[in-house]
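Visitor: I'd like to go through this model with you, piece by piece. Could you take my questions as they come?

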Amino acid sequence: MQIPVIVQTSGLLILSNVFMTFAWYGHLKNLSSRAWWVAALISWGVALFEYLLQVPANRIGFSQYSLAQLKILQETITLALFIPFAMFYMQQPFKTDYVWAGLCLVGAVYFIFRS
């Protein structure tokens, strides 16, 4: 039994985005007292794992979806993961702007996947 392309692509993009979010923002909490170049090197190391998942996700997804569809899918996943990361890991307060941004992305998903 073959796993559907959308499940493979989404699963890999979810895992990729976990690494991406920590690479981009985790250093703000964990390495704030270190030199910027130390944070950059560590972030690049974390980002390597992002790319090891993101590249196959996009190659698998591109076999069935357009470039625009892959980008909107990735952005939707990014926001869905960023909000809990910001609130629970970075201790940022919830903002209703997250809801509005999410609704905008729901619209983007609708329009990009409707055809």
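Visitor: Which residue forms a salt bridge with K71, and how far apart are the closest N and O atoms?

Guide: E75 forms that salt bridge, with its closest N and O atoms 2.8 Å apart; the term stands for a side-chain nitrogen of Lys or Arg within 4 Å of a carboxyl oxygen of Asp or Glu. Please keep in mind that this is a predicted model, in which local features need pLDDT of at least 70 and side-chain atom pairs count only at pLDDT 80 or more, while totals for chains, interfaces and linings use all residues. Residues are numbered from 1 along each chain as its sequence is written, and side-chain values use heavy atoms, with hydrogens and water left out.

Visitor: How many salt bridges are there in the whole structure?

Guide: A search of the whole structure finds one.

Visitor: And where do E75 and K71 lie?

Guide: Both are in helix α3, four residues apart, which is about one turn of the helix; helices here are DSSP runs of H or I with at least four residues, strands are runs of E with at least two, and both are numbered from the N terminus. E75 is partly exposed at a relative accessible area of 30%, and K71 is partly exposed too, at 46%, where buried means under 20%, exposed over 50% and partly exposed in between, with a 1.4 Å probe and protein chains only.

Visitor: Stepping back, how many helices and strands does the chain have?

Guide: The chain has four helices and zero strands, so its elements run α-α-α-α from the N terminus on. Its C-alpha atoms fill a box of roughly 50 × 35 × 25 Å along the principal axes, and buried residues make up 30% of the 115 residues.

Visitor: Which residues make up the largest nonpolar core?

Guide: That core has five residues, namely L79, I83, A86, Y98 and L105, a core being a set of buried Ala, Val, Leu, Ile, Met, Phe, Trp, Tyr and Cys residues joined through side-chain atoms within 4.5 Å. Two or more residues are given by each of α3 (67-89) and α4 (96-113), and α3 gives the most, with three.

Visitor: What about the surface, which residues make a nonpolar patch?

Guide: F19, L48, F49 and L52 make one of about 380 Å²; patches are made of residues with over 30% relative accessible area and no salt bridge, with like charges joined within 9 Å and nonpolar side chains (Val, Leu, Ile, Met, Phe, Trp, Tyr) within 5 Å. Helix α2 (residues 36-62) supplies the largest share, three residues, and F49, which is found in α2, is partly exposed at 43%.

Visitor: Switching to rings, how many aromatic pairs does the structure hold?

Guide: It holds nine, where rings of Phe, Tyr and Trp (its six-membered ring) pair if their centres lie within 6.5 Å, and planes under 30 degrees apart count as stacked, over 60 as edge-to-face and the rest as tilted. The rings of Y110 and F111, with centres 5.1 Å apart and planes at 70 degrees, form an edge-to-face pair, and both residues are exposed. F22, F85 and Y89 form one aromatic cluster.

Visitor: What lies over the face of Y89?

Guide: K29 does, at 4.4 Å from the ring centre; a charge sits over a ring if NZ of Lys or CZ of Arg is within 6 Å of the ring centre and within 35 degrees of the ring normal.

Note on methods. Areas by Shrake-Rupley, 256 points an atom, 1.4 Å probe, with all protein chains shown as cover.
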